[in-house]
Amino acid sequence: MNKVCATAVEAVHDITDGSSLAVGGFGLSGVPEVVIGALYEQGATALSVVSNNCGVDGAGLGVLLAARRIARVTGSYVGENKEFARQYLSGELEVELTPQGTLAERLRAGGCGIPAFYTPAGVGTQVADGGLPWRYGPDGSVAVASPVKESRTFADRTYVLEHGITTDFALVRAWRGDRHGNLVFRKAAANFNPLAAMAGRITIAEVEELVEPGALGPDQVHLPGVFVQRIVVLTPEQAAAKKIERRTISASSTQGTVRH
């Protein structure tokens with residue numbers, strides 16, 4: 001039951017070209033930076049990524065994107081990344097945009113073995129009716145568009161069918177974990193991390209603090225170890241290295257208060 005890997009490089013050794021990945025994080029909060037860095041060094045390419053967003057320029061999944069390692073993204077927010085926009089609009093990257101709550105539920109459903117579900121989100125829009133540009137051609141035309149989705153009426157309200165998501169691997173970051181894979185997430189870093197972890201067939205979790213089995217009470221565990229196959233323990237320096245996406249200065253403060 002010892003799921004701890006010696007290094008992050010060892011943890012990602014079998015992620016091959018064309019693998020699908022569910023990746024936790026929201027903006028730069030709770031992003032598995034160390035494992036992503038190890039995957040960058042490992043060299044796998046043509047990856048299909050499922051994540052709320054694709055990092056920012058030079059950080060998070062943005063590192064893999066800039067290196068042309070990502071071929072397709074399923075996400076709900078694509079701002080804050082100029083290289084992402086450039087690759088998408090030039091036809092180098094396929095993008096499936098999904099409502100944020102729907103994306104979360106698709107990951108959860110996949111992790112629970114639920115193949116599909118109905119939701120009202122997206123009804124009456126291109127999310128349901130099809131036609132969203134997934135990939136552009138070199139001339140700016142739409143080369144691949146989203147298909148029409150099945151819909152049904154329940155109690156006089158229309159719902160659209162969405163499919164659960166499972167991936168070959170999941171990369172997540174947790175605050176605490178034990179060698180059995182039980183994880184605790186802290187504050188905003190909880191975001192998509194538990195859901196991404198559930199969706200991966202092989203889930204790799206980098207943890208800021210490793211504790212002994214039994215140290216986490218059952219009511220403290222956010223994600224049970226059954227969903228986690230590999231643990232990467234961060235050094236104190238790695239655990240403390242948390243980027244801030246935007247720094248703003250309060251106009252009313254003469255001291256220049258930094259707000260995260």
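Here are some notes on the model, working through its sheets, helices and a few single residues.

1. **Ground rules.** This is a predicted model, in which local features need pLDDT of at least 70 and side-chain atom pairs count only at pLDDT 80 or more, while totals for chains, interfaces and linings use all residues. Residues are numbered from 1 along each chain as its sequence is written, and side-chain values use heavy atoms, with hydrogens and water left out.

2. **The three-stranded sheet.** β5, β9 and β8 make an open, antiparallel sheet, in the order β5-β9-β8. The strands and helices named here are DSSP runs numbered from the N terminus (E, at least two residues, for strands; H or I, at least four, for helices), and two strands pair if DSSP finds at least two bridges between them. The edges are β5 (116-119) and β8 (151-154); each has a single partner strand, so one side of each lacks a neighbour in the sheet. On average, neighbouring strands of this sheet are turned by 35 degrees against each other, ignoring direction. For angles, axes are lines fitted to C-alpha atoms (for helices, over the stretch in contact), and values run from 0 to 180 degrees between N-to-C directions.

3. **Inside that sheet, and what lies on it.** β8 and β9 (residues 157-163) run antiparallel and are joined by four bridges; R152 has Y159 in β9 as its bridge partner. Helix α5 (residues 100-111) lies across β5 and β9, at about 155 degrees to β5. As a reminder, strands of a sheet pair through backbone hydrogen bonds, either parallel or antiparallel.

4. **β10 and its partners.** Have a look at β10 (residues 167-178), which is mostly covered, with nine of its 12 residues buried. Buried means under 20% relative accessible area, exposed means over 50%, and partly exposed is in between (1.4 Å probe, protein chains only). β10 runs parallel to β1 (residues 20-23), with three bridges, and V23 stands opposite L171. β10 is also parallel to β12 (residues 200-211), this time with 10 bridges; there R173 faces E206.

5. **The β10-β11 hairpin.** β11 (residues 183-184) pairs with β10 in the antiparallel sense over two bridges, and V184 is the bridge partner of R176. Four residues sit between the two strands of this hairpin, where G181 takes a positive phi near 100 degrees.

6. **Which side of α4 is buried?** In helix α4 (residues 82-89), the buried residues are E83, F84, Q87 and Y88. They span an arc of only 130 degrees around the axis, so they sit on the same side of α4; the arc is that of the directions from the helix axis to the C-beta atoms. The exposed residues K82 and L89 are on the face turned away from that buried side. The buried set packs against α3 (62-66), β3 (70-75), β4 (94-97) and β6 (133-136), where contact means heavy atoms within 4.5 Å.

7. **The two ends of α4.** At the start, a side-chain oxygen of N81 comes to within 3.2 Å of the backbone nitrogen of E83. Just after the helix, G91 has a positive phi of about 85 degrees. G91 is in the loop between α4 and β4, and counts as buried because its relative accessible area is 18%. Not counting residues up to four places away in sequence, G91 touches R135 and Y136.

8. **E83 up close.** E83 counts as buried because its relative accessibility is 18%. Its side chain makes a polar contact with the side chain of R86 at 2.9 Å. (A polar contact is a pair of N or O atoms within 3.5 Å; within protein, one must be able to donate a hydrogen and the other to accept it, and residues adjacent in sequence count only if both atoms are side-chain atoms.) Setting aside neighbours within four places in sequence, E83 is in contact with D57, L65, A66 and R68.

9. **α2.** Helix α2 (residues 33-42) has E33, V34, V35, I36, A38 and L39 as its buried residues. G43 follows α2, and its phi is positive, near 100 degrees.
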